[in-house]
Amino acid sequence: MIQLQFDFDLLLPVLYQGALVTLALILVSAPFGFLNGIAIALGRVYGNRFVSKLCHGYVLFFKGCPLLLLLFIIYFGLPSVGITFTAFTSAVIGFILCNGAYNSEYIRGGIQSVSRGQMTAALSLGMSGMQAIRSIILPQALRKSLPGLANEFIYLIKYSSLAYMITVIEITGAGKIFAAKYFAFFEVFIIIGIFYLALVTIAGQVIARIEKKIAIPGFGGV
Amino acid sequence: MVMHEMTDSEIILRVEDIHKCYGETEVLNGVSFNVRCGETKVFIGPSGTGKSTLLRCINQLTVPDSGSIWLNDEEVTHSGPLINQFRQKIGMVFQNFNLFDHLTAVGNVEIALIRVKGMNKADARKKALLELSQVGLLDKANAYPAELSGGQAQRLSIARALAMDPEVILFDEPTSSLDPELTREVLEVMRRLARAGMTMLVVTHEMGFALSVANEILFMEHGKIVEQGSPSDIQTSPAFARTRQFLGTFHDD
């Protein structure tokens, strides 16, 4: 049996504080990552040549750039050109940029799978392009891209731990510090693992509920 | 078959010398005609002669290369962002319905009332339900498009167009994807509309409908109107040899 060298009463408050930071990272990044994804996808599909190319370039860049490197650039690199963010803000910015790039690919797929006739019909009723996108195209495209977006959200939960590498003491970081102090890596990281598992499970449940709520008979294979 | 005399009512739509090419292919090769208020014009002709393209040019879903469209003496072509206002007055019904798949029947009808006409939700709902009852779909108000038969779907798309109170409705092969039974229920709605004085341009292969409802039948071939006349003319006058040959149902004396 492993001899516990620490007191759970010491560990739990530390992990609790870290968990709050992790949740904050996720809950702030996800909505903006979602909106970012919509914007990039719309730019790619409906933008003029320049905007479309720009958005495509954005996606290529952030898909190609390792997230950790991106966080290093934002937190450690940008101050040398006079732009300084707190560690937490840097992490959130990195997550939004990266999450948005991936989200945009799912949303773009969703938009392109909406039949052309939907836009045609919307325009024929006198809607502007923007009204048609908002009222007709996006509600359908987002339903179709929900499974992909859900996946990306699950990834976000897990890669939020990278924030530790730029000094944000989220749960993994908090655990690491504690574990090093008491030399209790196994116990601490197992507990943290259970935390992530619980988080992902809850997220999965919520997503399933959303899917059910927005399901439409005969639409999107639901 | 009684012909309505249309000569006195005013011209609401003018189509002048419309040309449209796709690459080398000339789809529309100088098409002109006038539409009087309350009139039903039916376009017939072989596939690929530009009938659907012509309808799409009228509300600028397809922009013609040259020529002009006038609605009540206002130019629809080259109207820039004003086109959205013209399109409210020019309803369109599509071969494959193009219903909004994520909205219920009543949602399909009211969405443009709310978003385009800026109606409040209660009024839009009331008007949408009224339009649904006009096409016999009140009991399907909360059904989604996927839950409707083809005939119901097409009647819904007619209700959606009607809700905008258009001055003219374009029907682009409205029954081509329906079986004969469903076709009948859609044509019945269209027949009622025509009788009620709606101005309609119809591309169709339903000759029974054309002969009984149209004020004028226009036969198109190779991007041009080749022959045009009243249903009775087409059935009797020697000038309509090509149309009758196409229809294959009437014999020259």
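Me: Which residues of chain A does UniProt list for "domain: ABC transmembrane type-1"?

Reply: This is a predicted model, where local features need pLDDT of at least 70, side-chain atom pairs count only at pLDDT 80 or more, and totals for chains, interfaces and linings use all residues. Residues are numbered from 1 along each chain as its sequence is written, while chains are lettered from A and ligands numbered from 1 in the order in which they are written. UniProt positions follow the numbering used here, with feature names shortened and annotations that may be inferred rather than shown by experiment. For this domain, the unreviewed UniProt entry gives residues 19-207.

Me: What percentage of residues 19-207 of chain A is helix?

Reply: Helices (H or I, at least four residues) and strands (E, at least two) are DSSP runs, numbered from the N terminus. Across residues 19-207 of chain A, strand comes to 0%.

Me: How far apart are the end C-alpha atoms of residues 183-207 of chain A?

Reply: The unreviewed UniProt entry marks "transmembrane region" at residues 20-46, 58-77, 83-102, 153-171 and 183-207 of chain A. Residues 183-207 of chain A are 92% helix and 0% strand. The end C-alpha atoms of residues 183-207 of chain A are separated by 38 Å.

Me: Which helices of chain A each supply at least two residues of the side that touches chain B?

Reply: Two residues are in contact if their C-beta atoms, placed from the backbone, lie within 7 Å. By that test, 20 residues of chain A meet 21 residues of chain B. On the chain A side, at least two residues each come from helix H5 (116-124) and helix H6 (129-159).

Me: What is the radius of gyration of chain B?

Reply: Chain B is built with nine helices and 10 strands. The globule rule (2.2 Å times the number of residues to the power 0.38, with the radius taken over C-alpha atoms) gives 18 Å for the 253 residues of chain B. Chain B comes out close to that, so it is as compact as a globular protein of that length; its radius of gyration is 18 Å.

Me: What percentage of the residues in chain B is buried?

Reply: A residue is buried if 20 or more other C-beta atoms (placed from the backbone) lie within 10 Å of its own, exposed if 12 or fewer, and partly exposed in between. The C-alpha atoms of chain B fill a box of roughly 55 × 40 × 40 Å along the principal axes. Of its 253 residues, the buried share is 48%.

Me: Which strands are at the edges of the six-strand sheet in chain B?

Reply: Two strands pair if DSSP finds at least two bridges between them. The six strands form an open sheet with mixed pairing, ordered E6-E7-E8-E3-E9-E10. Pairing on one side only, the edge strands are E6 (90-93) and E10.

Me: Which residue stands opposite Leu13(B) in E4(B)?

Reply: Chain B also has an open four-strand sheet with antiparallel pairing, in the order E2-E1-E4-E5. Within it, strand E1 (residues 11-22) of chain B pairs with E4(B) over five bridges. Opposite Leu13(B) is Leu71(B).

Me: What is the bridge partner of Lys41(B) in E9(B)?

Reply: Five of the six residues of strand E9 (residues 216-221) of chain B are buried, so it is largely enclosed by the rest of the structure. Strand E3 (residues 40-44) of chain B runs parallel to E9(B), joined by four bridges. In E9(B), Lys41(B) pairs with Glu216(B).

Me: Which residue takes a positive phi in the hairpin of E9(B) and E10(B)?

Reply: E9(B) and strand E10 (residues 224-229) of chain B are antiparallel, with five bridges between them. Glu221(B) sits opposite Lys224(B) in E10(B). Two residues separate the strands of this hairpin, and the positive phi, near 50°, belongs to His222(B).

Me: Is Asp73(B) buried or exposed?

Reply: Asp73(B) isn't a glycine, yet it has a positive phi of about 65°. Asp73(B) lies in the loop between strand E4 (66-71) and strand E5 (74-75) of chain B. It has 9 C-beta neighbours inside 10 Å, so Asp73(B) counts as exposed.
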